[in-house]
Amino acid sequence: MATLFSEQERYKSLVEASPMPTALYIGVDMIIGAANQAMLDLWGKSASIIGLKLMEALPELEGQPFFQILSQVFQSGETYHTKESPADLEVNGVLQTFYFTFTYKPIRNDQGEVFAIINTAAHLTELVEAKKQIIETQQRLSFALLSAEIGTWDFDPINNKVNWDDKCRTLFGFGKEGEVKYEEVLSCIHPQDEKMVREAVSKAIHQVNDGQYDIKYRTINEEDRQIRWVHCKGKAYFNENDIAYRFAGIVQDITDEVKSRQREHQMLTLVNHNADHMTIADLDGRLIYMNEASRKMLGVALDADVSKFSAGDFYTPEELARVQNHIINEIDAVRGWTGHITLVNYQTRESIPCMVSYLLIKDLETGEIIGRGATARDLRPEIRVKADLQKLAAIIGSSEDFCNYCDIDGRTRYINPSGIALIGIDKDQLLNTNLFDYHSEASNHKIKKEILPVLFAEGKWSGELELIHQVTREIIPIHKQFYMIREEFTNMPVAIAAIARDLRPELNIRKILADKNAALQNAVEELEFLANSVPPVVWSSKPDGYLDYINKRWFDQTGKGDDETLGSRWAENVHPDDVPDAIKTWKASLETGNPYEIEFRCLDKYGTYRWYLVRAIPLKDAEGNIIKWYGTNTDIHHQKELEKQKDDFLGIASHELKTPVTSLKAYAQVLEAMFKRSGDFKNADLLARMNKQVDRLSSLISDLLDVTKMNSGRLQFNPTEFDFNEMVEEVIEDVQRTSFNHAIRADLGFRRNIIGDRDRICQVVTNLLTNAIKYSPGASEVVIYTHDLADRVQVSVRDYGIGISPELKDHVFEQFYRVSGEKQHTFPGLGLGLYISSEIIKRLGGKIWVDSIEGKGSVFSFSIPLSD
Ligand code: ADP
């Protein structure tokens, strides 16, 4: 026993010393003789169990194979060894499975009997768990690889060999057997992708990107030439010399994915470019998708994130309520919902009437509704077109023209109310009629032979035709336009439209116009006849002076035709000396619109110049604009000659009279003086009267002489400087001496010297004063004023006599003019005084005029400019 014990003790100390969990069970009852701390930890027990039966110490082992194994070892004396065997142990009150590698080794006594078993164990639970997980992971992985259609490959860059699993081989279209070379792999790659793959592989095995490899490309199956998309991922491993010794990874068939993505992209592109507006929203109305057309219509930027919007942003408040409260519930699972909805542009807030279709979007798998799609068609263009069509229909309907529409065979489809009225057709029978029913025979022929071919070829025709009134059978001339209407896409002719205008009113007007024209032509001819029959040349010109008509008389006189005369060529016939004046006066009249009057000489067809009096007056419209000038050239050559003869005669006569009258005057003066000296006052008085009459006679003669001189331009002027006032006072004295009934009152404001012909100015003042006295027989005074007007002197003579009527006033300055009237006989005279006066004043560059009131008196005035 002692040995036993000592042996037991020895084992005990061995047990304690063992680095591994070790225990010693003694006897058939398996009493725990020793257990080191490692074993105690493994069991999860304290040292108090030492000395207890194993079965009592670890009751949880009951039902597990250990006791049976132990008893077998005890019986057989053979060592039991097991690897990674599970054991359920209660550690910290929890029963758990642990894995051990353990050995039950029988210990024999000297007699060779087994008396104890030594148990060494290695706690393998973690190792086993890890292994298990690896296996599970491997299984899961291979399952995953299998189900994900993923193949694996392993490339040995050094030996240029590829190790492929079966999946890889199928993906690349290789047979199942044999080794694969890298080049062979490349030959299976789509030519367009081959370069890219080479580069990616080369990068990975040259340690770019940490040896990572991730690429998608196409393969072409060697056998069926089918193209597949694959996704390859892998990694290169490098040895200590940084040389890739292994490059391995997976390959996945992504053909379906790529195809479905392409399909999705195609669909999206289609949807995005669709003209209809499409949106998708989730059940809460949050937008998920909106195509371009929709974005444009609803005012959402093309790059805006639609998830920021809610479907409600695009409705008017009323429409939103209608959609939310009613329409959403009415969307049929199969047919959806379609109807009118007014949407709103998010930015402009413009209302957009739309035809909207809603449909429900379901989850493919579960069938659950996950969203709503909407397509909308903007109705505005349609509405506009409809409105335009309505307008067009209204225009056609209310047009006064005949508008109709028939099919390609001429069957009537429509005639507007004006058309119906024009041809008196029965409205109800309209559709049973044909184009050819309401055109005349001749027109029908023309339509068939001429118009239809043109219509088919060119699409339209216009011209004159005839309609037939369906009741009265009256033929109605019309101007018609035909249009061929073709089908939009096929371009097939489908109908003929026409518009026609009733030509009767126009023809009536044309006839009236023709009649009027004829009448006018007659009148013109008559007028021309008249113009040609009067003695003067008659002509007319445009407002700018362009001669546009001249009568035949001109031709008779000059021998020149229209083309040598019209325009301004008439001037070629005018005497060169008279041309400047003629043109100047004509231009002045054209500018002012005042009548034109001038005398000039014109060359006749015999080569001699004749005098003409040319007069023209303008014809004006209601606004006073000149439309035309009408003129006459009257031949006054004969008068001119007579005038000249008269002037010559007067000149000679007055000259011849002057000498005897001067002698007469001398004798009379001598005789008067003689009688006075002899005291014969009676005879002296007679001779004084004679003397006076001789004075009158000589004054008349000198007037006549002056006039003849003036007319022939021979009147002489002798300018001198003289005292104007003194001259006037002298005249007053002279005149006063012979005027006994009138007092001459003077108001002389001009007191300077002037330069001029003293005698001639004296003559004018005398003439005005004597006239004033002569033509105011009932008055007792005349007044003479002189005014200093700085640059000129003005003289006025006022009388309170018979006056002159306004219309005759301006004539008194004309040669031989005498105002005729009852009283005129009482006033002797030739009508030359004022003419001579006005000629003198004109020659001095001055002005002469008269202000007068008939019966009250006159004021004759003149002014002369003062020379420096
Ligand atoms: P005469 O006096 O010799 O007739 P004038 O040439 O001097 O000729 O006058 C022309 C006409 O003018 C006169 O005949 C007369 O009718 C009118 N006349 C001239 N002076 C006056 C006047 N002071 N008052 C009224 N009529 C006048």
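## Terms and model

A residue is called buried under 20% relative accessible area, exposed over 50%, and partly exposed in between (1.4 Å probe, protein chains only). The model is predicted: local features need pLDDT of at least 70, side-chain atom pairs count only at pLDDT 80 or more, and totals for chains, interfaces and linings use all residues. Numbering runs from 1 along each chain as its sequence is written, and side-chain values use heavy atoms, with hydrogens and water left out.

## Salt bridge between strands

The structure holds 44 salt bridges, each defined as a side-chain nitrogen of Lys or Arg within 4 Å of a carboxyl oxygen of Asp or Glu. One of them pairs Asp-154 with Arg-246 at 2.9 Å, N to O. Asp-154 belongs to strand S6 (residues 150-156) and Arg-246 to strand S11 (residues 244-253), so this pair ties together parts 92 residues apart in sequence. Helices (H or I, at least four residues) and strands (E, at least two) are DSSP runs, numbered from the N terminus.

Asp-154 is partly exposed at 23% relative accessibility, and Arg-246 is partly exposed at 36%.

## Salt bridges within helices

In helix H8 (residues 191-205), Arg-198 and Glu-194 lie four residues apart, about one turn of the helix. Their side chains form a salt bridge of 3.1 Å, N to O. Arg-198 is partly exposed at 39%, as is Glu-194 at 23%.

Helix H15 (residues 504-533) holds Arg-510 and Glu-506, also four residues apart, with a salt bridge of 3.2 Å, N to O, between their side chains. Arg-510 has a relative accessible area of 42% and Glu-506 one of 29%.
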